Amino acid sequence: MTTVGIIGGGLGGLAAACTLAARGHRVTLFEKNPWLGGKAAVLEEQGFRFDMGPTILTMPRVLERIFAEAGRNLSDYLTLVRLDPQWRCFYDDGTVLDLRDDPVRSREAIGALSPRDGQGFDDFMAVARRLASVSDRFFFWKSVEDLRDTMDLKANMSLATLSDVLSLRMHRTVAGQIKRNIADPRVRQMLEHFIQYVGSSPLGAPAVLCGIAQMQLGEGVWYPMGGTRAVPVALTRLAEELGVEFRPGVDVTRIHTEDGRAKAVVTSHGDRFAFDRIVSNMDSVRTYRELIGGSVWEAFQRGRKREAACSGVVLYLGLRKAYDHLAHHNFVFSRSPEEEFGAIYDQGEPAPDPTAYVAAPARTEPGVAPEGGEALYVLVHTPYLRDRHDWSRMLPAYRRTILDKLRRTAGMDDIEERIVVERTLTPQDIHDRYRVLNGAIYGLASHGRVLGAFKPGNRSRQVRGLYLAGGSAHPGPGMPMALMSGWIAADALHKDATANAPPVAAQ
Ligand SMILES: Cc1cc2nc3c(=O)[nH]c(=O)nc-3n(C[C@H](O)[C@H](O)[C@H](O)COP(=O)(O)OP(=O)(O)OC[C@H]3O[C@@H](n4cnc5c(N)ncnc54)[C@H](O)[C@@H]3O)c2cc1C
């Protein structure tokens with residue numbers, strides 16, 4: 001039996017813990033916060049309940065696979081409800097467009113708005129399906145760091161492989177692909193927003209990430225009853241059943257290495273715990289920089305330049321009266337995507353007229369708010385933290401910008417009069433609570449036409465016996481990807497541990 005220490009109890013850490021314990025390893029998980037689940041946290045106040053971080057769950061098959069590792073059914077732990085519409089979109093010109101659960105009905109709605117884009121949407125979805133299938137076969141469920149890991153071109157070069165490589169459209173960005181298929185700026189703006197799931201600009205992200213649209217439109221948007229918080233709760237229950245030892249409130253400050261091999265973790269209290277192998281669910285860049293450092297950090301930096309994905313401001317608003325015209329998930333779009341993405345990703349400043357994502361989960365689970373009320377969650381993406389950003393000073397004015405946007409574009413004229421509870425999360429809060437890179441919500445940015453989708457691999461190339469799990473490691477951010485990342489890290493560790501006799505742990 002291999003002993004494994006996991007640093008961090010986010011979704012990636014929990015998924016790795018469950019998978020490893022299901023495969024017979026002895027797992028201890030350290031989490032600096034008093035709760036498990038990381039960004040999938042919850043806020044409860046005066047009868048309102050808010051998911052604090054993720055709210056849109058896609059690809060539940062990833063969760064199913066993790067529960068199946070232990071011979072369990074996800075449905076015994078979690079009740080998932082499929083949502084329709086998936087998104088309600090509010091535009092600056094007063095247009096309202098629903099993205100439906102069924103691509104045929106989405107096509108109809110898009111065709112009604114812009115007749116020539118009905119066919120364009122079909123064409124775009126055909127590309128998205130192809131790209132999602134290539135990702136499934138070459139990119140998912142295994143540790144990948146660069147193109148070499150995806151396919152062995154020399155050994156397997158065939159017409160089919162060549163056709164898959166060409167389908168990746170390495171010369172094109174997400175925005176470039178959408179522009180080829182879609183004429184109407186409103187439909188383009190909606191489709192460009194899928195890339196916000198990985199906190200990156202459609203103008204810089206590689207076209208292969210258009211596959212995200214298929215992962216949502218083809219597989220649905222799901223709501224776990226009890227909120228997305230129910231996901232880490234279910235994983236924690238499974239991990240406990242499998243014998244994982246949890247150490248919440250314990251901050252790991254060092255990974256001790258010897259001869260290039262991870263040997264132990266050291267906590268802020270100076271305690272040292274030896275393990276055969278270690279999984280870090282802490283941000284991948286900060287793992288190398290702060291937990292290891294020295295020549296390993298220098299070697300990691302010599303690889304690709306890594307840039308943080310975007311951050312965000314969240315307003316948690318308990319309203320005494322619901323807005324009936326909202327769906328469960330809503331996007332209130334900016335007046336200009338060029339201005340918005342230019343501000344966030346090029347100038348590094350909050351957008352003057354942002355897109356606001358608004359969740360109104362009382363549509364699906366009325367118990368999140370007192371009767372007739374609304375537990376409104378408003379997320380606006382912002383640049384990752386720069387030294388010049390002081391959110392304690394910037395928040396009051398930006399809050400006004402966000403509420404003005406909701407008034408102007410989503411018909412929420414009297415929002416201030418309806419608020420009875422108000423809490424906020426700023427980029428600085430995200431940075432401090434979850435110890436991420438520059439306040440990033442979604443790990444590392446996916447910018448670059450060829451290498452944009454690649455993140456640090458799950459099996460460390462720098463330190464033997466070290467594995468990375470979470471949104472800043474392969475395959476990337478978002479609930480399904482962070483969960484898959486945990487599974488991949490566990491699978492790689494398991495393969496290594498069962499291929500060689502486990503090394504003797506340091507005393
Ligand atoms: C506001 C917001 C909205 C989002 N919306 C969505 C959405 O709608 N849909 C979606 O799919 N995704 C969304 N995401 C992204 C999603 O939440 C993340 O990609 C995912 O939860 C990240 O999981 P993770 O495993 O990388 O770890 P994290 O959640 O970052 O957890 C890492 C954990 O490690 C702990 N830790 C770090 N360092 C140490 C250390 N040295 N010692 C001990 N513990 C340590 C941290 O405290 C933390 O608990 C959102 C995120 C945010 C913040």
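Seven residue pairs are in polar contact between domain 1 and domain 2, with both residues of each pair at pLDDT 80 or more. The model is predicted.

**Domains**
- The domain assignment divides the protein into domain 1 and domain 2.
- Domain 1 is made of the segments 3-44, 229-307 and 455-499.
- Domain 2 covers residues 102-219.
- The centres of domain 1 and domain 2, taken over C-alpha atoms, are 30 Å apart.

**Extent of the interface**
- On the side of domain 1, 13 residues make contact with domain 2, and 12 residues of domain 2 make contact with domain 1.
- The area buried between domain 1 and domain 2 is about 1,200 Å², and carbon and sulfur atoms account for 56% of that area.
- R461, H474 and M484 are the residues of domain 1 that lose the most area to domain 2; together they make up 44% of what the domain 1 side buries.

**Charged and polar pairs at the interface**
- Three salt bridges are counted between domain 1 and domain 2.
- A salt bridge joins the side chains of R461 and D149, with 3.0 Å from N to O.
- R461 is also among the residues of domain 1 that lose the most area to domain 2.
- By class, the residues of domain 1 that touch domain 2 are seven nonpolar, three polar and three charged.

**Ligand surroundings**
- There are 37 residues around the ligand, and those that come nearest are G12, E31, V252, G471 and M479.
- For K39, a backbone N or O atom lies 2.8 Å from an oxygen atom of the ligand.
- For I56, a backbone N or O atom lies 2.9 Å from a nitrogen atom of the ligand.
- N281 instead places a polar side-chain atom 2.9 Å from an oxygen atom of the ligand.
- The ligand taken alone exposes 1,000 Å², of which the protein buries 96%.

Note on methods: Residues are numbered from 1 along each chain as its sequence is written. This is a predicted model: local features need pLDDT of at least 70, side-chain atom pairs count only at pLDDT 80 or more; totals for chains, interfaces and linings use all residues. Side-chain values use heavy atoms; hydrogens and water are left out. Domain bounds come from an automatic or database domain assignment. Contact means heavy atoms within 4.5 Å. Buried area is the accessible area (1.4 Å probe) that two parts lose on being put together, summed over both. A salt bridge is a side-chain nitrogen of Lys or Arg within 4 Å of a carboxyl oxygen of Asp or Glu. A polar contact is a pair of N or O atoms within 3.5 Å; within protein, one must be able to donate a hydrogen and the other to accept it, and residues adjacent in sequence count only if both atoms are side-chain atoms. Ala, Val, Leu, Ile, Met, Phe, Trp, Tyr, Cys and Pro count as nonpolar, Asp, Glu, Lys and Arg as charged, and the others, Gly among them, as polar. A residue is near a molecule or strand if one of its heavy atoms lies within 4 Å of it. Accessible areas come from the Shrake-Rupley method with a 1.4 Å probe; for residues, only the protein chains shown count as cover.
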